[in-house]
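Visitor: Please walk me through this structure, and take your time, as I am new to this.

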Amino acid sequence: MKITFCFPAHNYDRPIGGYKVVYEYANRLVSLGYEVNIVYCIENSLKRYHLPEGLRIVILKSIVAGSPKWFQLNKNITRVMAKSLVDKYIPDADVVFATAVETAGPVSRLSVSKGKKFYLIQDFENWIYSDEQVIETYKLGLTNITVSKWIYTLLENKGIASCYIRNAIDTSLFKPTKSIKERNKYTVGLLYHKSVNKGVKYAVEGLQRVKKNYPELEVYAFGNAKRPMELPQWFHYMEKASQSQVIDLYNNCAVFLCATVEEGFGLTGLESMACGCALVSSSYSAVFEYAENEKNSVLYPVKDVESMYKSICRVIDDDELRIRIAEMGVETAKKYSWDRAVRQMRDLFNDQQ
């Protein structure tokens, strides 16, 4: 069986959760004997630099050929550069995936020879398009696959059919390598992202308050951007961290803070739990895919800096609580295997034959 994943016209060499999920599926499907194509749409890529068209294409060919540098992609996966997501540039296959809101329309218009049409919905992507425009992409006739229960429920409430295959993580990599009990309790991990939905401004405010209580507090942040001006100088920051570097960061922290306002799933929260961090998180919709308050995490209301501050202080002060929820988090994460997700995906392919 041949499978094609279509990526939108973005920077492919930046670590992005949605891309990571697709790469994970691609690797595992290839290992099971499937033929997999990843199509990189270059329609608007690098155009802001006003390069001669020939030079732009040469540069993009090099980028696509080497993508992604931050993830080990199976060498048997075929990378395809497409000037746009139209039949001319898309290989024939049995299955073709839209992987983001801007790819749903083009994939819906592909000919039958490009494969049965699926839509991997990883978030409610209304940061560029209106709510109504996003919802319309769910009605294009593709087989909708949601990665979290809250998105599945959103579609269900609007009378739109979808399947639910929750996200997974590689627990052979994301696991504790440092004793939970021996970690410095004053160490907190944090993902930096410029999107307002990630709630970083709330995290910074809350952590600055914690620092006043505990001068020994150390914050270890990572993200795609160069060190942002908004981060206090005492924050440690890692730019474009590799997967192994992120795993090391998780394992060097006792606590991981997630201040998200809303997002599709929240991979970093689950990854940090798998590595033995005590998760302190806002109670955004998707966190309930894996987090249970007072059992494997401490949750507080979204945007509530006072509650965030108190939650972090509580976890630092209460060794028994911190160790208990961290250990339970590791056990929870073990249930989110890729074997389960890929099996469900394969069953869905077979159902569509």
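**Cysteines, core and a helix**

Guide: Let us start with C253, which counts as buried at 1% relative accessibility; buried means under 20% relative accessible area, exposed means over 50%, and partly exposed lies in between, with a 1.4 Å probe and protein chains only. This is a predicted model, in which local features need pLDDT of at least 70 and side-chain atom pairs count only at pLDDT 80 or more, while totals for chains, interfaces and linings use all residues. Residues are numbered from 1 along each chain as its sequence is written, and side-chain values use heavy atoms, with hydrogens and water left out.

Visitor: New topic: how many residues are in the largest nonpolar core?

Guide: The largest nonpolar core has 90 residues, and among those with the most contacts inside it are F5, Y23 and F349. Such a core is a set of buried Ala, Val, Leu, Ile, Met, Phe, Trp, Tyr and Cys residues joined through side-chain atoms within 4.5 Å. Helix α1 (residues 17-31) gives the largest share of this core, eight residues, and a second, separate core of 39 residues includes V200 and A326.

Visitor: What do you mean by a helix, and how many are there?

Guide: Helices (H or I, at least four residues) and strands (E, at least two) are DSSP runs numbered from the N terminus, and the protein chain has 11 helices and 13 strands.

Visitor: Okay, how far apart are the ends of α6?

Guide: The end C-alpha atoms of helix α6 (residues 200-213) are 20 Å apart, which agrees with the 20 Å that its 14 residues should span, since the expected span is 1.5 Å times one less than the number of residues.

Visitor: Which parts do the buried residues of α6 pack against?

Guide: The buried residues of α6, including V200, Y202 and L207, pack against β8 (187-191), β9 (218-223), β11 (255-258) and α9 (305-317), where contact means heavy atoms within 4.5 Å.
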